[in-house]
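The following paragraphs lead through selected helices and one loop of the structure shown here.

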Amino acid sequence: MELFFFWASWACAAARPQDVVNEAALTGGLLAAPVSYTNNWPAEELIANRPSGEIIVWSVISFVLLLAGIALLAWYYAVLNKKHGDDPNPPDTDPLLPLKPTPSMRATIKFFWVVVALFLLQIGMGALTAHYGVEGQGFYGIPLADYLPYSVTRTWHLQCAIFWIATAWLATGLFIAPAVSGYEPPWQRAGVNFLFVCLLIIVAGTLFGTWYATRQEMGLTMNFWFGHQGYEYVDLGRFWQIFLFIGLILWFLLMTRALWPAVKIPNDSRQLLIMFLLSTAAIAMFYGAGLMWQQQTHLAIAEYWRWWVVHLWVEGFFEVFATVVIAFLFTRLELLRVRIATFAVIFSTIVFLTGGIIGTFHHLYFTGTSVSVLSLGAVFSALEVVPYILIAFEVLQNLSIAKIQGWVQDYRVIIYFFVAVAFWNLVGAGLFGFFINPPIALYYMQGLNTTPVHAHTALFGVYGMLGLALMLFCFKAYDPSRKWNIHILMFGFWALNIGLILEVLLSLLPVGLLQTWASVEHGLWYARSAEFLQTDLMSLLRWMRMIGDTVFAVGALAIGIFVVGLKLGWSYRKNGTTVH
């Protein structure tokens with residue numbers, strides 16, 4: 001522990017050799033002021049740690065490039081993309097009516113029951129974690145932290161989110177693959193059932209392992225393999241990591257064998273199917289970046305690969321999959337022409353990944369990297385936001401589709417979830433993401449509550465909403481002839497979105513902004529200190545989160561009640577069983 005503090009302090013304070021700095025900054029020897037190995041982070045006047053010139057200059061450049069990129073993309077859409085004429089022209093009847101679920105498609109339905117259970121568990125753990133922020137170790141006087149400490153509830157909150165969102169996406173892929181190809185491969189149902197059993201073992205093993213690790217009864221090696229690694233998003237033990245990676249590969253193989261007959265047919269849908277398969281392959285393979293460190297790997301190297309998982313796997317290829325699958329479902333409903341959808345998917349993917357891959361460098365500004373990394377990260381992190389301008393047009397398009405009369409009205413609430421995905425993509429991933437990504441922003445905001453603002457609105461707002469939309473689509477496609485009673489489902493939709501907005505505006509964002517102010521005025525140490533965080537105002541703002549959390553939790557419960565009603569019958573209309 002003493003060595004860790006020594007080397008961390010040394011890296012933050014020791015000046016780099018001047019020639020290294022000059023070469024990295026490409027200034028030809030003109031750079032005079034030395035910087036530390038962390039580029040003078042964190043701010044501390046006692047050792048003259050202040051934002052360097054590069055941090056400020058590259059931040060300004062990133063702002064200018066963001067505006068230029070948005071202007072160019074808006075011009076492109078207005079001048080060129082309109083020639084495609086992508087107004088929806090739906091058929092007279094629901095294209096899914098002739099669909100007959102295959103045995104493997106029926107086997108995927110149970111995945112969604114796990115999705116709902118993990119969704120509700122995640123919300124409960126999130127509420128408990130937030131409550132610990134105001135009451136410390138208790139829950140309204142009950143010493144609950146003795147059994148479920150903060151480290152466990154916070155880990156479960158995030159791990160359950162990743163598990164239920166990924167499960168919804170994986171199950172959707174397994175459901176629609178045979179529907180698209182019209183081919184049920186031999187032993188496909190057995191493969192789906194085997195994958196389901198693996199999922200249960202991984203989830204149960206991970207949750208138990210991360211809890212048992214906090215009991216301090218596992219050795220360090222056992223903790224690494226079966227307990228809690230301590231790295232956010234990859235907290236699970238290495239054994240469970242490997243198990244999950246194998247499960248993702250199995251999922252990809254099951255998807256490929258079901259879709260391959262359709263991929264081989266030369267028609268308009270082929271390119272979109274290939275993109276769909278490539279996005280599933282990327283999700284399966286890029287999780288493997290989390291296996292690139294070992295128990296004794298240097299912290300800086302382990303963090304580097306962890307950000308591959310967080311940024312490229314979660315924020316990058318999940319985004320590609322989301323883009324592909326939404327376009328794919330709309331084409332299956334014949335609400336979007338395949339040619340238009342394929343063009344939009346390929347174009348969006350190129351733009352997303354152009355900024356996203358190199359934009360990963362914004363996680364490396366202050367990890368001992370050169371100024372060239374700072375410059376590339378600043379530029380491409382700004383460009384990451386550019387494609388989100390297209391989301392505004394997607395919102396309008398989806399809303400126009402939702403207003404179409406006839407059988408499309410039976411999918412209205414599902415389309416609303418897609419609208420929410422687009423909205424939170426623009427706000428949560430785009431605006432709140434860029435809010436914390438420029439070098440000067442991260443210099444003061446890193447490790448503050450501005451990060452949870454981005455995390456909540458992007459992870460749940462985008463991927464969570466999409467997971468729920470995909471789950472509902474599969475339930476609807478499973479029996480499209482039966483009409484839903486959507487009142488409680490619509491209530492759940494609005495409660496989830498309004499609750500998320502209230503969480504951010506009443507609590508997370510104000511706390512983060514006040515912390516940022518304190519960080520700029522006094523230093524990061526003060527913004528994270530108990531002296532500042534336990535003031536009356538900060539405590540009130542944390543209590544205010546209870547309003548949004550309650551509304552959100554009620555919405556989640558409504559979604560759960562609706563899904564249970566699909567099994568027990570109360571979620572269907574009694575006055576008619578067929579669509580228009």
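Helix α15, residues 412–436, comprises 25 residues and reaches 35 Å from its first C-alpha to its last, close to the expected 36 Å (1.5 Å times one less than the number of residues). Helices here are DSSP runs of H or I with at least four residues, numbered from the N terminus. This is a predicted model, in which local features need pLDDT of at least 70 and side-chain atom pairs count only at pLDDT 80 or more, while totals for chains, interfaces and linings use all residues. Residues are numbered from 1 along each chain as its sequence is written, and side-chain values use heavy atoms, with hydrogens and water left out.

At tryptophan 424, α15 bends by about 35 degrees, the angle between axes fitted to the seven residues ending there and the seven starting there. Because 20 of its 25 residues are buried, α15 is largely enclosed by the rest of the structure; buried means under 20% relative accessible area, exposed over 50%, and partly exposed in between, with a 1.4 Å probe and protein chains only.

Attention now turns to the loop between α2 (18–25) and α3 (53–79), where proline 42 is found. The peptide bond from tryptophan 41 to proline 42 is cis, with omega near -5 degrees. Asparagine 40 lies in this loop too, and its phi is positive, near 70 degrees. Alanine 48, also in the loop, has a positive phi near 60 degrees. Most residues other than glycine have a negative phi, and most peptide bonds are trans. Asparagine 40 is buried, at 9% relative accessible area, whereas alanine 48 is partly exposed, at 40%.

Terms used: Helix = DSSP H or I, 4+ residues; strand = E, 2+ residues; numbered from the N terminus.
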